[in-house]
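Colleague: I have a model open on my screen and would like to learn how to read it. Could you take me through a few features?

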Amino acid sequence: MAEITASAYQALRNYIQNNWKYIELRDDANNPILRLSPADSRVSWVHNAGDQVLKLQIVVKGSDADITKPQTFASSAIYDVATGGNAYSIESFTPFTIESDMDELTVIHEIQVPKV
Amino acid sequence: MRGAGTQENPYIIETPADLQAIQNNLSAYYELANDIDMTGVTWTPIAPDSTNRFTGTIDGKGHKILNFTINDTTKDQQAFIVWTNAGATFKNIGFENAYVKTRSYSSIFVARPYAAVFENCYVQGRVEGTSYNAGFSYTSSNATYRNCFVDVTVNGSYAGAFVSVDNQKTVFEQCYSNANVPFIQKPNTNSGYQTTYSYCYFNKTKYNGTNKNGLNGLTDTQMKQQSSFAGWDFENVWYMPENDYPKLRVFLGIKQQTINLQSYINPIQSNITKTNKSTKQIQSFTDNLQSLTSSKRIKKYLLSTYTLPIETSVQKSNRTVRSITQHVTSYINPIGSIVERKTKTINRLLSYVDSIQSNVNVITPIRNKSVNAYVSVIENPSIVLYLDNNSDLNIIENHSTIQFEDNLSDTYAIENPSTVEVI
């Protein structure tokens with residue numbers, strides 16, 4: 001049994017970047033708040049090309065039209081579809097509540113392929 | 001006061017008394033736990049002696065000192081802190097509704113900062129005195145003001161918004177003044193000691209000062225527009241509210257958080273189950289068969305050549321009249337026997353001639369009588385066997401030849417020239 005090659009991992013990363021591009025933020029009751037992809041200006045891949053760690057970043061502000069204040073964020077999930085589907089990665093974090101227009105939450109969801 | 005005064009465990013300031021207690025340790029680390037309301041507090045300036053200056057750090061953590069007041073016109077050089085030396089650091093501290101009224105040389109924050117650093121701080125209030133008063137500092141040397149602003153009203157001669165007099169090398173970075181007096185009353189212009197500005201602005205509607213390199217005046221309207229503040233960080237440091245002057249984010253209670261989440265995929269191992277399914281064309285062949293035939297030749301040669309007895313007979317009959325001895329000679333020429341055999345095998349061939357006997361009888365008269373001798377046919381009793389060759393039938397030819405040998409022996413007539421005399 002041998003580990004797959006570096007090229008194979010890069011192919012997997014390319015696939016993930018092209019498909020697992022929807023990031024969903026959920027509240028502390030695990031209810032989805034919003035699910036966005038890099039098609040939205042608030043979401044972007046922020047890793048460098050060829051990096052072993054893929055980084056999908058979402059930045060939400062209290063002034064965003066789709067945020068109803070106060071809003072608590074407690075977890076992040078990765079999908080490959082805009083709606084429905086099954087989450088491929090779910091990570092929780094210390095709840096953060098946006099209370100004013102100036103409040104801002106940045107979530108960087110990393111996917112290590114393979115584990116660093 | 002909670003804390004140990006170290007960088008890792010600073011003193012925690014929660015009350016005006018805690019704030020005043022800074023004078024007991026001028027080199028410690030301090031943090032504000034909350035806004036400090038100084039209403040009704042008579043303040044005694046910290047480090048009033050130039051030989052015992054403040055060198056510690058105060059981090060306001062975005063909290064404010066409210067209603068700070070000094071009102072004593074009998075004194076000069078009054079402020080929250082008077083003297084500092086290298087190492088003195090002030091950050092994230094704001095004075096709101098401060099009021100300082102002295103005779104001269106006074107300010108709200110630090111009167112005589114030397115080598116101090118002010119970062120993310122602001123002063124809002126009023127300073128009154130005869131002369132050389134300012135919002136932040138009466139006079140500064142080698143001090144740095146970074147991301148700070150003043151929103152003050154200062155009176156008296158030689159009044160300044162930030163500083164009244166720069167003794168040397170004071171640096172301003174991303175700062176603005178919103179005051180009725182110059183950004184700095186007496187900047188240092190001496191070579192090597194000049195005051196320097198970087199992306200600094202003043203409200204020229206309130207005070208129409210002169211632009212300098214890195215210091216530019218903006219109208220009151222421009223002062224409320226983010227686009228007017230080139231070189232500023234409005235993402236992390238500053239915030240531009242609507243129809244207001246720029247504010248420091250650290251004081252607005254703006255919550256900003258960056259969360260890093262990590263998911264991972266374990267290394268993938270490949271495992272191969274290999275099933276071989278092959279069809280092979282099998283070719284079999286037989287080399288030329290070689291048979292080895294042992295030829296056993298059994299030959300029985302019975303060669304016999306013989307010559308039948310050759311007889312010669314001479315007879316002599318006489319009547320003895322007289323007795324005489326006659327010599328009768330009879331002879332037979334040599335008889336030869338020849339056996340030939342054509343073969344590579346050398347066999348023992350035996351050729352022989354039986355004893356030849358001659359008997360002479362005298363028959364009288366006998367004269368010129370022929371004596372015949374004959375030779376019988378020589379038998380050839382040889383036997384040839386044929387052996388079958390089952391792999392490759394070859395006919396073995398028997399090349400043996402049998403020769404009939406004539407008996408060339410000649411028998412000559414034996415003459416008997418003998419004469420018989422009757423005696």
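Predicted model: local features only at pLDDT ≥ 70, side-chain atom pairs only at ≥ 80, totals over all residues.

Modeller: Gladly! Let's begin with a term: strands are DSSP runs of E, at least two residues long, numbered from the N terminus.

Colleague: What is the peptide bond from A:Val113 to A:Pro114 like, cis or trans?

Modeller: That peptide bond is cis, and its omega is near -5°. Chain A has a cis peptide bond between A:Lys69 and A:Pro70 as well, where omega is about -10°. A:Pro70 sits in the loop between β5 and β6 (71–79) of chain A.

Colleague: Now the sheets. In what order do the strands of the open sheet of 4 strands come?

Modeller: Two strands count as paired if DSSP finds at least two bridges between them. Here the order is β4(A)-β5(A)-β8(A)-β23(B), and the pairing is mixed. At the edges are β4 (43–45) of chain A and β23 (256–264) of chain B, each of which pairs on one side only. From one strand to the next, the twist averages 15°.

Colleague: How many bridges join strand β5 to strand β8 of chain A?

Modeller: There are 9 bridges between β5 (residues 53–61) and β8 (residues 104–112), and these two strands of chain A run antiparallel. For a pair to look up on your screen, take A:Leu56, which stands opposite A:His109 in β8(A).

Colleague: And chain B? How many helices and strands are there?

Modeller: Chain B holds 1 helix and 26 strands. It has 423 residues, and 30% of them count as buried. Turning to its contacts between residues at least 6 apart in sequence, 70% join residues at least 24 apart.

Colleague: Why does B:Ala47 count as buried?

Modeller: The cut-off is 20 or more other C-beta atoms within 10 Å. B:Ala47 counts as buried because it has 25 C-beta neighbours inside 10 Å.

Colleague: Where is B:Tyr158 placed?

Modeller: B:Tyr158 is in the loop between β13 (149–154) and β14 (163–168) of chain B. Its phi is positive, about 55°, although B:Tyr158 is not a glycine. This residue has 19 C-beta neighbours inside 10 Å, so it counts as partly exposed.

Definitions and conventions
Residues numbered from 1 in each chain as written. Chains lettered and ligands numbered in written order. Axes fitted to C-alpha atoms, helices over the stretch in contact; angles between N-to-C directions. Buried ≥ 20, exposed ≤ 12 C-beta atoms within 10 Å, placed from the backbone. Contact = placed C-beta atoms within 7 Å.
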